[in-house]
Amino acid sequence: MAGLSEYQRRMVSIGLVCLLCFAVYSCGKKQDPMEKIKDLEYTVIAEDNIPEELLSKIEERKEEAFKLTFEDQGFLYICVGYGMQQTGGYSIAVNALYETANAVYIDTNLIGPSPEEKKNPAASYPYVVVKAEFLQKPVVFD
């Protein structure tokens, strides 16, 4: 630091201390792998828009509860089935679909028919298929 004035040496020293503090803070702060980075945009897909190969997999599994993913042409399809129900009138809510540092999380729940609704006595197999942009991350079902 030869050739620098006292003021310039102090400024360089303060700058180095600030840089060191920033480096220590940055290294010490780790992102929680389950912390949401962002909500993902998605579309709930009607049965007639589900790719044939995926629809076949759903048909094979629909008797029991299932969770599966499928990738096709740059899209990720996430499927959640609730198995055989004694009556019709069920629906499924998608509560959340979001990305974290390590995974994609989906949260759904089965909603039964309302008490005043006339129930269809035939068994049903409620499931939902969500289509989103493909991400190279595992899917976690909540």
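I began with the neighbours of Thr108: leaving aside residues up to four places away in sequence, Thr108 touches Val80, Tyr82, Ile92, Ala93, Val94, Asn95, Val128 and Asp142. Contact here means heavy atoms within 4.5 Å.

I noted the ground rules. This is a predicted model, in which local features need pLDDT of at least 70 and side-chain atom pairs count only at pLDDT 80 or more, while totals for chains, interfaces and linings use all residues. Residues are numbered from 1 along each chain as its sequence is written, and side-chain values use heavy atoms, with hydrogens and water left out.

I placed Thr108 in strand β6 (residues 104-111); helices (H or I, at least four residues) and strands (E, at least two) are DSSP runs, numbered from the N terminus. Is Thr108 buried or exposed? Thr108 is buried, at a relative accessible area of 9%. Buried means under 20% relative accessible area, exposed over 50%, and partly exposed in between (1.4 Å probe, protein chains only).

I also found a polar contact of 2.7 Å between the side chains of Thr108 and Tyr82. The term covers a pair of N or O atoms within 3.5 Å; within protein, one must be able to donate a hydrogen and the other to accept it, and residues adjacent in sequence count only if both atoms are side-chain atoms.

Next I looked up the cores. A nonpolar core is a set of buried Ala, Val, Leu, Ile, Met, Phe, Trp, Tyr and Cys residues joined through side-chain atoms within 4.5 Å. The largest has 14 residues, and Val128 is among those with the most contacts inside it. Strands β4 (75-82), β5 (91-99), β6 and β7 each supply at least two residues of this core. A second, separate core has 11 residues, including Leu55 and Tyr77.

Then I turned to the rings. Rings of Phe, Tyr and Trp (its six-membered ring) pair if their centres lie within 6.5 Å; planes under 30 degrees apart count as stacked, over 60 as edge-to-face and the rest as tilted. I have 3 aromatic pairs by this rule. The Phe66 and Tyr127 rings have centres 6.5 Å apart and planes at 45 degrees, so this pair is tilted. Phe66 lies in strand β3 (residues 65-72) and Tyr127 in strand β7 (residues 127-133), so the pair ties together parts 61 residues apart in sequence. Phe66 counts as buried, at 7% relative accessibility. For Tyr98 and Tyr105 the centres are 5.4 Å apart and the planes at 5 degrees, so that pair is stacked. Both Tyr98 and Tyr105 are buried.
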